[in-house]
Amino acid sequence: MGQADNVARACVIGDPISHSRSPLIHGHWLERLGITGVYDRRRVATGEVEAFLQEVRAGNLRGGNVTVPHKETVARHVDVLTETAQRLGAVNTVWEDNGKVWGDNTDVTGFLANLDERSPGWDCKPEKAIVLGAGGAARAIIYGLLTRGFHEIDIVNRSPSRARQLAEDLQPQGARRLVPVDWAERSGALNGATILVNTTSLGMTGQPALDLSLEALPIQAVVHDIVYAPLETDLLRTARQRGNPVVDGLGMLLHQAAPGFARWFGQKPQVTDELRQLVIDDM
Ligand code: ATR
C-alpha cells in the first residue's frame with residue numbers, strides 16, 4: 001500500500017540522527033532535478049528497525065540510508081544483499097524491488113568514486129596501501145582497495161585485536177594481502193606506500209590530533225583523510241605542504257549518497273561544486 005499522496009519518500013535512520021547531512025544532500029538533488037519527493041531523518045531504536053524495513057517492503061517508503069548503530073542489524077534483516085554488503089556484513093542503503101528489500105553498502109563505491117574523481121590514476125601502482133583504523137569505514141575502504149588489486153594493505157589500529165579480526169574477515173582466499181600492524185609502528189609502516197588513508201576519528205573537530213610522522217612516506221603517495229570536518233585536517237595540510245597529492249573526505253560522503261538517490265527517485269544525481277559548498281557552509 002503506497003502513500004495516499006503518491007509522493008516518493010525516503011529517509012535516513014540512525015540513533016542519534018540529528019547530525020546527519022543526508023537530508024541536506026538529497027534535498028538539494030530533489031530540488032535541482034525538480035522531483036516531487038521527500039527525504040527526512042528518523043531516529044530509530046534497534047527494536048524499530050524491522051518496522052522500518054516493512055515500510056520499505058510495503059512501498060510506503062522507497063527506501064533509505066542507514067547509519068550508526070543499525071548497519072549490521074539491517075544487513076541481517078533485509079531480503080537480499082548485494083555481494084559487497086554480504087562481504088562487509090553492513091548495509092547503508094536500502095530499496096524495494098518486486099516486494100523485496102535490498103541492502104547495499106555504497107561506502108565502497110563512494111570511497112572509490114571520490115578518489116577516481118579527485119586523484120585520477122591513484123590506483124595505477126597498486127602496491128602497498130596503509131589504512132589507519134579498523135572500524136566500519138576501514139572495512140568498506142579495505143574492501144574497495146582489494147577490488148583495485150592492491151598487493152598489500154597494512155591495517156594500523158590502536159586495538160590490535162580489531163585489526164587482526166578485520167584482516168581475517170576480508171583476507172582473499174589463498175593470499176595474505178591484509179597485514180595487521182601495531183599502532184606504535186604507524187610512522188615506519190609508511191615506507192614504500194602508494195596510498196595512505198585515515199579512517200580514524202583522529203584530527204576531526206573536537207577529537208584528539210593524529211600523531212603521525214610522514215617522513216617515511218614516498219612523495220608520490222596519495223594521502224586521503226575521510227574526515228571532512230575540518231575539510232583540511234592537519235594530516236592533509238602536512239602532506240600537501242611536503243608535496244603529496246591529497247584528497248579530503250567530503251567527496252566520499254557525497255558519492256556514497258548518489259546510488260541510493262538514483263534507486264529511490266529514478267534519476268542519477270551529480271556531485272557538483274555547488275553541492276560541496278552547500279555542505280561546507282552547513283558545517
Ligand atoms: P567508523 O565506523 O566510522 O569506522 P568506529 O568503528 O568507531 O567508526 O572506528 C573508529 C576508529 O578510530 C577505530 O579504528 C578506533 O580505534 P580502536 O579500534 O582502537 O577503537 C580509532 N580511534 C578512535 N579514537 C582513537 C584514538 N584516540 N587513538 C587511536 N585510534 C582511535
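The ligand sits in the largest pocket of this predicted model. A pocket is an open set of points, on a 1 Å grid over the protein atoms alone, where a 1.4 Å probe fits, with protein on both sides within 12 Å along at least five of seven lines; a molecule sits in a pocket if more than half of its atoms lie within 2 Å of its grid points. Local features need pLDDT of at least 70, side-chain atom pairs count only at pLDDT 80 or more, and totals for chains, interfaces and linings use all residues. Residues are numbered from 1 along each chain as its sequence is written, and side-chain values use heavy atoms, with hydrogens and water left out.

Around the ligand lie 13 residues, of which A134, N157, R158, S159 and R162 come nearest (a residue is near if one of its heavy atoms lies within 4 Å). Polar contacts are pairs of N or O atoms within 3.5 Å. An oxygen atom of the ligand lies 2.8 Å from a side-chain N or O atom of R162. Of the 650 Å² of accessible area that the ligand has on its own, the protein covers 69% (Shrake-Rupley method, 1.4 Å probe).

Strands are DSSP runs (E, at least two residues) numbered from the N terminus, and two strands pair if DSSP finds at least two bridges between them. Strand β5 (residues 93-97) pairs with β3 (residues 63-66) in the antiparallel sense over three bridges, with V94 of β5 opposite G64. Five bridges join β5 to the antiparallel strand β6 (residues 100-104), where W102 stands opposite W95.

Note on methods. A polar contact is a pair of N or O atoms within 3.5 Å; within protein, one must be able to donate a hydrogen and the other to accept it, and residues adjacent in sequence count only if both atoms are side-chain atoms. On a 1 Å grid over the protein atoms alone, a cavity is a set of points where a 1.4 Å probe fits but cannot get out, and a pocket is an open set with protein on both sides within 12 Å along at least five of seven lines; lining residues have an atom within 4 Å of a point. Helices (H or I, at least four residues) and strands (E, at least two) are DSSP runs, numbered from the N terminus.
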